[in-house]
Amino acid sequence: MILGLLLLLWSVGWGWGVSQIARSQVDRGVLDRPHIGTVDPIPERFRAGQQLYLEHCATCHVGIPPAVLPTETWRELLLDEEHYGTRVEVLPSPQIYIVWDYLQTFSRPKRSAEETIPYRLEYSTYFQALHPEVEVPRPIDIKQCGTCHPNAVEFDFRSLVRR
(Lines give C-alpha, C1' and ligand atoms only; values in the text may rest on other atoms or scores of the structure.)
Protein backbone atom coordinates (compact mmCIF):
# COMPACT_ATOMS: atom_id res chain seq x y z
CA MET A 1 0.00 0.00 0.00
CA ILE A 2 2.79 2.40 0.98
CA LEU A 3 4.72 1.48 -2.14
CA GLY A 4 1.66 2.26 -4.26
CA LEU A 5 1.21 5.62 -2.53
CA LEU A 6 4.89 6.48 -3.07
CA LEU A 7 4.61 5.49 -6.72
CA LEU A 8 1.53 7.70 -7.11
CA LEU A 9 3.26 10.68 -5.46
CA TRP A 10 6.37 10.15 -7.60
CA SER A 11 4.24 10.01 -10.77
CA VAL A 12 2.34 13.19 -9.87
CA GLY A 13 5.60 14.99 -9.07
CA TRP A 14 7.20 13.81 -12.30
CA GLY A 15 4.17 14.88 -14.34
CA TRP A 16 4.06 18.28 -12.66
CA GLY A 17 7.77 18.82 -13.35
CA VAL A 18 7.43 17.89 -17.02
CA SER A 19 4.41 20.18 -17.39
CA GLN A 20 6.37 23.08 -15.87
CA ILE A 21 9.20 22.54 -18.33
CA ALA A 22 6.76 22.38 -21.25
CA ARG A 23 4.95 25.54 -20.10
CA SER A 24 8.25 27.43 -19.88
CA GLN A 25 8.95 26.53 -23.52
CA VAL A 26 5.80 28.27 -24.81
CA ASP A 27 6.23 31.80 -26.17
CA ARG A 28 3.98 33.32 -23.49
CA GLY A 29 3.97 36.66 -25.32
CA VAL A 30 2.03 35.14 -28.22
CA LEU A 31 -0.71 33.93 -25.92
CA ASP A 32 -0.96 37.21 -24.02
CA ARG A 33 -1.03 39.54 -27.03
CA PRO A 34 -4.37 40.96 -28.12
CA HIS A 35 -5.75 40.09 -31.56
CA ILE A 36 -3.53 41.89 -34.07
CA GLY A 37 -5.91 41.80 -37.01
CA THR A 38 -4.03 39.28 -39.10
CA VAL A 39 -4.63 35.63 -39.73
CA ASP A 40 -3.05 34.61 -36.42
CA PRO A 41 -0.69 36.25 -33.95
CA ILE A 42 2.83 35.80 -35.30
CA PRO A 43 5.73 35.23 -32.90
CA GLU A 44 8.41 37.92 -33.05
CA ARG A 45 10.83 35.52 -34.75
CA PHE A 46 8.63 35.32 -37.87
CA ARG A 47 7.43 38.92 -38.13
CA ALA A 48 10.20 40.02 -40.48
CA GLY A 49 9.30 37.15 -42.82
CA GLN A 50 5.61 38.06 -42.73
CA GLN A 51 6.41 41.73 -43.37
CA LEU A 52 8.69 40.90 -46.32
CA TYR A 53 6.06 38.53 -47.69
CA LEU A 54 3.39 41.22 -47.52
CA GLU A 55 5.71 43.90 -48.99
CA HIS A 56 6.66 41.73 -51.96
CA CYS A 57 3.58 39.60 -52.51
CA ALA A 58 0.63 41.65 -51.30
CA THR A 59 1.29 44.80 -53.29
CA CYS A 60 -0.18 43.44 -56.53
CA HIS A 61 -2.88 41.28 -54.97
CA VAL A 62 -4.29 40.28 -51.60
CA GLY A 63 -1.75 38.43 -49.49
CA ILE A 64 -2.79 34.81 -49.17
CA PRO A 65 -2.36 33.30 -45.69
CA PRO A 66 0.32 30.60 -45.73
CA ALA A 67 -2.09 27.99 -44.33
CA VAL A 68 -4.26 28.16 -47.47
CA LEU A 69 -1.67 26.49 -49.71
CA PRO A 70 0.70 23.61 -49.00
CA THR A 71 4.36 24.24 -48.24
CA GLU A 72 5.36 22.75 -51.60
CA THR A 73 3.29 25.37 -53.45
CA TRP A 74 4.97 28.19 -51.55
CA ARG A 75 8.42 26.77 -52.34
CA GLU A 76 7.62 26.75 -56.05
CA LEU A 77 6.05 30.21 -55.98
CA LEU A 78 9.06 31.76 -54.25
CA LEU A 79 11.38 30.43 -56.94
CA ASP A 80 9.12 31.10 -59.94
CA GLU A 81 10.04 34.07 -62.13
CA GLU A 82 6.82 33.61 -64.14
CA HIS A 83 4.25 34.31 -61.44
CA TYR A 84 0.91 33.35 -62.99
CA GLY A 85 1.93 34.83 -66.32
CA THR A 86 3.62 37.93 -64.92
CA ARG A 87 7.39 38.25 -64.87
CA VAL A 88 8.62 38.90 -61.31
CA GLU A 89 12.04 38.98 -59.74
CA VAL A 90 12.87 36.23 -57.28
CA LEU A 91 13.62 37.71 -53.88
CA PRO A 92 17.32 38.20 -53.22
CA SER A 93 19.18 36.42 -50.46
CA PRO A 94 18.76 36.70 -47.45
CA GLN A 95 15.19 38.00 -47.93
CA ILE A 96 14.04 34.83 -49.68
CA TYR A 97 15.23 32.73 -46.71
CA ILE A 98 13.45 34.98 -44.21
CA VAL A 99 10.19 34.78 -46.19
CA TRP A 100 10.64 31.02 -46.67
CA ASP A 101 11.09 30.51 -42.92
CA TYR A 102 7.77 32.29 -42.34
CA LEU A 103 5.88 30.49 -45.14
CA GLN A 104 7.06 26.98 -44.34
CA THR A 105 6.34 27.46 -40.64
CA PHE A 106 2.75 28.61 -41.15
CA SER A 107 1.82 26.42 -44.12
CA ARG A 108 1.27 22.67 -44.12
CA PRO A 109 2.85 19.92 -46.23
CA LYS A 110 0.85 18.13 -48.92
CA ARG A 111 -1.50 15.61 -47.41
CA SER A 112 -0.14 12.71 -49.45
CA ALA A 113 2.58 11.89 -51.96
CA GLU A 114 -0.09 11.28 -54.62
CA GLU A 115 -1.57 14.76 -54.20
CA THR A 116 -0.45 17.19 -56.90
CA ILE A 117 0.93 20.57 -55.94
CA PRO A 118 -1.97 23.02 -56.26
CA TYR A 119 -1.07 26.33 -57.92
CA ARG A 120 -4.62 27.68 -57.76
CA LEU A 121 -6.78 28.09 -54.67
CA GLU A 122 -9.62 26.00 -56.06
CA TYR A 123 -7.31 22.95 -56.14
CA SER A 124 -6.02 23.39 -52.60
CA THR A 125 -7.49 20.95 -50.11
CA TYR A 126 -6.48 23.37 -47.36
CA PHE A 127 -8.45 26.21 -48.94
CA GLN A 128 -11.46 23.90 -49.17
CA ALA A 129 -11.02 22.78 -45.55
CA LEU A 130 -10.87 26.40 -44.38
CA HIS A 131 -14.08 27.20 -46.28
CA PRO A 132 -16.51 24.41 -45.33
CA GLU A 133 -20.02 24.85 -46.63
CA VAL A 134 -19.03 28.08 -48.40
CA GLU A 135 -20.06 28.35 -52.01
CA VAL A 136 -17.00 29.92 -53.57
CA PRO A 137 -17.41 31.00 -57.22
CA ARG A 138 -15.21 29.08 -59.65
CA PRO A 139 -12.64 29.87 -60.85
CA ILE A 140 -11.51 31.49 -57.64
CA ASP A 141 -10.16 34.99 -58.07
CA ILE A 142 -8.24 36.28 -55.07
CA LYS A 143 -9.68 39.71 -55.79
CA GLN A 144 -12.97 38.26 -54.55
CA CYS A 145 -11.61 37.49 -51.07
CA GLY A 146 -12.88 40.89 -49.89
CA THR A 147 -16.44 39.79 -50.61
CA CYS A 148 -16.46 37.69 -47.44
CA HIS A 149 -13.32 39.04 -45.74
CA PRO A 150 -13.75 42.85 -45.81
CA ASN A 151 -10.30 43.48 -44.31
CA ALA A 152 -8.39 41.04 -46.53
CA VAL A 153 -6.24 43.85 -47.92
CA GLU A 154 -4.94 44.36 -44.35
CA PHE A 155 -4.23 40.59 -44.14
CA ASP A 156 -7.17 40.17 -41.75
CA PHE A 157 -9.08 37.05 -42.73
CA ARG A 158 -10.76 36.64 -39.36
CA SER A 159 -13.21 39.49 -39.93
CA LEU A 160 -16.15 38.23 -41.95
CA VAL A 161 -19.16 39.84 -43.60
CA ARG A 162 -22.33 38.83 -41.80
CA ARG A 163 -24.82 37.21 -44.15
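**Close-up 1. Helices α3 and α5 are roughly perpendicular to each other in this predicted model.** Helix α3, spanning residues 44-57, packs against helix α5, spanning residues 95-106, at an angle of about 105°, and their axes are 8 Å apart. Because angles from 65 to 115 degrees count as roughly perpendicular, the two helices fall into that class. On the α3 side the contact is made by R45, F46, A48, G49, Q50, L52, Y53 and H56, while α5 contributes Q95, I98, V99, D101, Y102, L103, T105 and F106. The residues of this contact divide into 9 nonpolar, 5 polar and 2 charged.

**Close-up 2. The edge-to-face pair of F46 and F106, one of 6 aromatic pairs that the structure holds.** The ring centres of F46 and F106 are 5.3 Å apart and the ring planes stand at 90°, so the pair is edge-to-face. Since F46 lies in helix α3 and F106 in helix α5, the pair ties together parts that are 60 residues apart in sequence. F46 counts as buried at 9% relative accessibility, whereas F106, at 25%, counts as partly exposed.

**Close-up 3. The edge-to-face pair of Y53 and F155.** Here the ring centres of Y53 and F155 lie 6.2 Å apart with the planes at 65°, so this pair is edge-to-face. Y53 belongs to helix α3 and F155 to the segment after α7 (145-148), so the pair ties together parts that are 102 residues apart in sequence. Y53 counts as buried at 1% relative accessibility, and F155 counts as buried at 2%.

**Close-up 4. One aromatic cluster that includes F46, Y53, F106 and F155.** The cluster is formed by F46, Y53, W74, Y102, F106, F155 and F157.

How values were computed. Residues numbered from 1 in each chain as written. Predicted model: local features only at pLDDT ≥ 70, side-chain atom pairs only at ≥ 80, totals over all residues. Heavy atoms only, no water. Axes fitted to C-alpha atoms, helices over the stretch in contact; angles between N-to-C directions. Helix = DSSP H or I, 4+ residues; strand = E, 2+ residues; numbered from the N terminus. Parallel < 35°, antiparallel > 145°, perpendicular 65-115°, else oblique. Contact = heavy atoms within 4.5 Å. Nonpolar A, V, L, I, M, F, W, Y, C, P; charged D, E, K, R; others polar. Phe/Tyr/Trp six-rings, centres within 6.5 Å; stacked < 30°, edge-to-face > 60°. Buried < 20%, exposed > 50% of the residue type's maximum accessible area, 1.4 Å probe, protein only.
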